[in-house]
Number of protein chains: 2
Amino acid sequence: MVQRAQSTLGDVAKAAGVSLATASRVLNGTASVGPALRDRVVQAAERLAYSPNAHAQALARSSSRTVGVICHDVGDPYFAGIARGVMRAANRHDLQVVLGSTFRDPDREVAYTSMMRGHRVCAMLLIGSGFEDRARQAGLRQELDRYRANGGRVAVISRHRGLRADAVLPENREGAADLARALLGLGHRRFAVLSGPPLLTTVVDRVGGFLGALADAGVAVEREDIIEAPFTRDGGYEAAHQLIDRGLRATCVFASTDVMAAGALAALRDHGIGVPGDVSLAGFDDIPTIRDLTPPLTTVALPLEDLGERVLELAMLPERAGRARIERVRGHVVLRESTAHHPGGS
Amino acid sequence: MVQRAQSTLGDVAKAAGVSLATASRVLNGTASVGPALRDRVVQAAERLAYSPNAHAQALARSSSRTVGVICHDVGDPYFAGIARGVMRAANRHDLQVVLGSTFRDPDREVAYTSMMRGHRVCAMLLIGSGFEDRARQAGLRQELDRYRANGGRVAVISRHRGLRADAVLPENREGAADLARALLGLGHRRFAVLSGPPLLTTVVDRVGGFLGALADAGVAVEREDIIEAPFTRDGGYEAAHQLIDRGLRATCVFASTDVMAAGALAALRDHGIGVPGDVSLAGFDDIPTIRDLTPPLTTVALPLEDLGERVLELAMLPERAGRARIERVRGHVVLRESTAHHPGGS
DNA sequence: CCCCAGGGTGAAAACGCTTTCTGAAAGCGC
DNA sequence: GCGCTTTCAGAAAGCGTTTTCACCCTGGGG
């Protein structure tokens with residue numbers, strides 16, 4: 001294939017009969033250039049279909065308008081919602097976005113951060129739960145510290161151990177506690193919990209908050225009524241299935257994400273267990289689709305798109321000297337029809 | 001971009017007491033370097049937390065391992081599903097992804113292509129429906145032609161008028177026709193259609209295919225039973241609402257995407273109209289969540305994640321001399337419980 | 001008439017890397 | 001010991017921009 005060389009600023013300058021410097025100034029509007037020359041340059045650029053080489057620009061300016069975004073899985077509605085917010089804010093700030101999807105592999109997360117450091121992105125956004133595993137976090141932290149040592153900005157959503165980065169923090173613990181109290185208020189006393197991978201801070205917080213609030217009310221959840229499963233629809237399905245196999249004694253099931261709850265709902269339906277007739281079901285996140293389930297799911301609503309916008313806004317702020325900025329976001333309980341009053345309760 | 005003195009290859013070379021060239025060769029494994037020097041370089045790089053400047057590399061090599069991906073809205077489950085596939089394939093090929101979300105603004109689409117051209121991405125992926133509007137397409141086409149003239153690769157999902165790019169083509173027309181025939185087979189004779197923006201090729205194909213197959217069977221759909229609405233959940237809700245206001249006479253409603261169908265289902269439920277008792281409902285795409293709706297939605301299943309992987313694979317192939325590669329993907333009809341046999345039918 | 005301010009322009013030095021070209025040293029057969 | 005090929009390392013020329021610095025004008029004030 002004959003690959004005609006992409007025309008350069010030099011070509012444009014030559015075609016317009018001006019110097020490189022002048023051409024650059026015209027195209028950037030950097031300095032005042034005589035109208036005659038200006039026109040010649042603009043026309044030459046158009047004629048040659050000139051497109052400035054962004055790499056050369058980044059190199060010469062030592063700056064770029066690119067942010068790196070790392071999430072677990074763009075395909076998941078939770079991240080998709082947040083990503084939409086990030087993209088909206090990025091458009092507003094005229095920023096380019098390079099995206100990483102780790103598929104929940106912590107090593108890949110580190111690989112992405114180091115790649116983005118190489119790209120000299122002006123900010124890095126870590127979307128989604130951190131890991132409890134300190135050893136695992138160490139590599140990530142080192143990479144990010146190096147990045148920040150050179151002036152890079154980091155902002156995260158959710159709790160990330162040890163990273164001292166600006167953060168948008170959904171109040172998972174409190175939200176789950178609120179939910180627990182609401183469910184207690186409906187009269188439930190016997191609960192089951194569909195937990196995610198216990199390595200995720202989000203899981204720890206949500207399940208911990210939920211169980212804590214129950215404990216405060218004198219309600220304990222037995223070990224076998226807490227099931228760990230992947231943070232996916234099928235994980236939720238499997239977990240509910242397992243729960244049923246063990247003999248479902250709870251009157252209310254809490255799934256730590258809506259995605260899992262959707263799977264659980266399917267499992268319950270497949271077993272002919274009525275929701276909320278036989279058992280109540282609640283989730284967390286308020287992803288858009290669950291209000292269209294039957295029954296619509298009770299959940300703790302998080303403003304996903306908003307989270308995305310805010311984390312990007314945080315990253316655009318200059319680093320704060322003292323300690324990191326924390327924006328807490330309180331989720332609010334939305335009682336829908338998947339949870340019903342439990343007659344046996346108080 | 002990172003401000004403070006990020007260490008450079010020069011620093012590493014100096015610290016290791018070797019030349020730039022040697023340092024470069026060690027770090028790239030380009031040529032054989034004596035073990036003693038090699039170690040000194042590697043250690044110096046580690047000590048200085050060296051991270052190669054990707055822009056400088058791209059410039060020096062005049063090539064990059066970055067692909068641009070442009071979609072309408074990452075937040076939409078359809079695109080989120082495809083994006084997941086793209087990310088998976090990108091991980092496999094060790095490619096970086098820069099993402100654009102147009103929010104369905106064709107101008108922004110052009111802006112993205114030109115920005116990505118500037119970035120000298122090695123390929124551009126256009127995800128999602130093209131526009132019928134020839135004038136609008138002209139700008140996009142020009143930008144892409146310039147990109148390809150310089151060796152850039154373009155691959156698209158869905159039909160894009162005038163772009164002669166490699167494409168993964170969901171057979172929207174045929175899929176919709178299959179669906180229509182299946183619904184006819186259930187005995188339905190009176191249909192309504194929730195159409196998307198008529199400027200989108202996807203809409204034209206799906207609605208066209210659907211109506212065409214009906215016409216072949218001697219069934220006509222009246223103009224007022226075809227409603228145009230945005231390609232969103234709320235668009236579907238509104239459209240169904242409007243349909244109901246006009247007096248719902250159809251026994252079966254076809255929504256041109258699952259996302260719209262989900263909204264329509266909600267509207268029908270809100271009006272106490274039973275699905276499929278009072279009316280059957282079908283969508284298109286088979287996004288993951290609709291099988292969990294009640295009733296689960298009949299649809300035309302597209303392998304979303306697979307589409308994403310395949311479009312990236314296409315883009316990685318060298319350009320084919322003659323005409324563009326076309327990969328047709330036949331969706332298959334999945335009859336679920338949202339559609340029922342219509343007693344009045346044949 | 002001279003000097004100086006200042007707008008407009010060009011030459012050239014970065015920016016951080018890759019890669020070609022060149023040269024030095026080392027290994028080999030005679 | 002002599003020429004020969006290999007191997008390994010460095011000097012330097014790009015890659016395509018931006019930006020500093022210097023220069024040349026033109027005009028206006030003294």
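## Cis peptide bonds

B:Pro276 sits in the loop between helix H11 (258-270) and strand S9 (280-282) of chain B. In this predicted model, the peptide bond that leads from B:Val275 to B:Pro276 is cis, and its omega is near 5 degrees.

Chain A has a cis peptide bond between A:Val275 and A:Pro276, with omega about 5 degrees. A:Pro276 lies in the loop that runs between helix H11 (258-270) and strand S9 (280-282) of chain A.

## Positive phi angles

A:Asp285 is not a glycine, yet its phi is positive, at about 125 degrees. This residue belongs to the loop between S9 and strand S10 (299-301) of chain A. A:Asp285 counts as buried because 27 other C-beta atoms lie within 10 Å, and the cut-off for buried is 20 or more.

In chain B, B:Phe103 is a residue other than glycine with a positive phi, near 50 degrees. B:Phe103 is placed in the loop between strand S2 (96-101) and helix H6 (106-118) of chain B. With 16 other C-beta atoms within 10 Å, B:Phe103 is partly exposed.

## Surface near DNA strand C

DNA strand C is surrounded by 29 residues. The closest are A:Ser32 and A:Gly34 from chain A, and B:Thr8, B:Leu9 and B:Ala60 from chain B. By type, the residues of this surface comprise 15 nonpolar, twelve polar and two charged.

Several helices each supply at least two residues of the surface near DNA strand C. In chain A these are helix H2 (20-28) and helix H4 (54-61); in chain B they are helix H1 (9-16), helix H2 (20-28) and helix H4 (54-61).

Methods:
Residues numbered from 1 in each chain as written. Chains lettered and ligands numbered in written order. Predicted model: local features only at pLDDT ≥ 70, side-chain atom pairs only at ≥ 80, totals over all residues. Near = placed C-beta within 6 Å. Helix = DSSP H or I, 4+ residues; strand = E, 2+ residues; numbered from the N terminus. Nonpolar A, V, L, I, M, F, W, Y, C, P; charged D, E, K, R; others polar. Buried ≥ 20, exposed ≤ 12 C-beta atoms within 10 Å, placed from the backbone.
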